[in-house]
Amino acid sequence: MTPEQTPLSLSPELLDAVRRIAGTEHLLVALDFDGTLSPIVDHADDARPLPRSAAALGSIAELPRTTTALISGRALASLREVASPPAATLLVGSHGAEVWLGEGSLGLELDSAQRQLLEEVRGVLAEIVEEAPGTWLEDKPAGVVLHTRLADDDVAEDAVEAAARVLRDRPGVYLKTGKRVLETSVVHASKGEAVEFLRQATGATAVLFAGDDVTDEDALGRLLRGDVGVKVGLDFTQGEFRVEAPVHVAELLEALLRERRRVTASK
């Protein structure tokens, strides 16, 4: 039996919350990807959802009065490539700056000032990477990400501090810190705003959100009474519930699938 097949155990309180939210009229299941559906990996292109999670999410997406969504810091193109989401799943990338609600969704368009500012930000970060072994840059439609996962701890800290010192007060530039990354963007957006937008767009009467990173706290902090917020990992959180790792997210989704399938089949 592999670790992913090993029977796990969600807390009784979380299972009770899953049973409760499964009975809502229209359920929105919104999930982070890296560190939630997929384990964290050194190279972003290698990330893939755990098979159990992918299977459960695909089945949830097919249920009546149920909408699934992925809300990620990744650019939409990257998210589609690694997540292979169910066809009906809504996608939010770049921490909310990019949104896909189905065919006809408009892509992100920067104005000339934003494009110029983005070039300047990339130039600043490129100079830092040249002096910081183990760091690298990832380009996104509205920003640039400084990755430090493969750098020594002191190098990573110095690189992030140097970037923040130059960019934190620059008008029109927005910074987000995550796990061994510094995200820069020339568009103001957050996962919290994304959750609120999706709630409105779908008419959801309750939301289940799960995420592992610092940026997911924006979403966990925007949830309403009756929603279910799940932190993945052991870091500080505003979430009401917690699981330790992506494999537990698979169990969470399977539990939700059982309960939601039962409820929707009876109506």
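This is a predicted model: local features need pLDDT of at least 70, side-chain atom pairs count only at pLDDT 80 or more; totals for chains, interfaces and linings use all residues.
**Reading a cavity, a sheet and a buried strand**

Q: Which strand gives the most to the lining of the largest cavity?
A: Strand 5, with 3 residues.

Q: How many cavities of 30 Å³ or more does a search of the whole structure find?
A: On a 1 Å grid over the protein atoms alone, a cavity is a set of points where a 1.4 Å probe fits but cannot get out; a pocket is an open set with protein on both sides within 12 Å along at least five of seven lines; lining residues have an atom within 4 Å of a point. Volume is the space filled by probe spheres on points joined across faces, edges and corners. Here the search finds 1 cavity. The largest cavity holds about 430 Å³ of space. Its lining has 27 residues, and Asp34, His147, Arg149, Val181 and Asp213 are the closest to its centre.

Q: How much space lies in the largest pocket?
A: About 160 Å³. Its lining counts 15 residues, with Ser94, His95, Lys176, Ser185 and Val187 closest to the centre. Strand 7 (174-178) and strand 8 (181-185) each give this lining at least two residues.

Q: What is the order of the open sheet of 4 strands?
A: Strands of a sheet pair through backbone hydrogen bonds, parallel or antiparallel. Two strands count as paired if DSSP finds at least two bridges between them. The order here is 5-6-8-7, with antiparallel pairing. Strand 5 and strand 7 are at the edges with a single partner strand each, so one side of each has no neighbour in the sheet. Strand 5 and strand 6 run antiparallel and are joined by 5 bridges. Asp139 stands opposite Val144 in strand 6. Helix 4 (residues 112-130) packs on this sheet and touches strand 5, strand 6 and strand 8.

Q: Why is strand 10 largely enclosed by the rest of the structure?
A: Buried means under 20% relative accessible area (exposed is over 50%, partly exposed in between; 1.4 Å probe, protein chains only). In strand 10 (residues 228-232), 5 of the 5 residues are buried, so the rest of the structure largely encloses it. Val228, Val230 and Val232 are buried on one side, Gly229 and Lys231 on the other.

Q: In which sense do strand 9 and strand 10 pair, parallel or antiparallel?
A: Parallel, over 4 bridges. Ala210 has Val230 of strand 10 as its bridge partner. Strand 10 also runs parallel to strand 11 (residues 241-243), joined by 3 bridges. There the partner of Val230 is Phe241.

Q: Is Val207 buried or exposed?
A: Val207 is buried, with a relative accessible area of 0%. It is found in strand 9 (residues 206-211). Beyond neighbours within four places in sequence, Val207 is in contact (heavy atoms within 4.5 Å) with Ile21, Leu28, Val195, Arg199, Leu223, Asp227 and Val228. The C-alpha atoms of Val207 and Gly229 are 8.2 Å apart, although 22 residues separate them along the chain.

Methods. Residues are numbered from 1 along each chain as its sequence is written. Side-chain values use heavy atoms; hydrogens and water are left out. Axes are lines fitted to C-alpha atoms, for helices over the stretch in contact, and angles run from 0 to 180 degrees between N-to-C directions.
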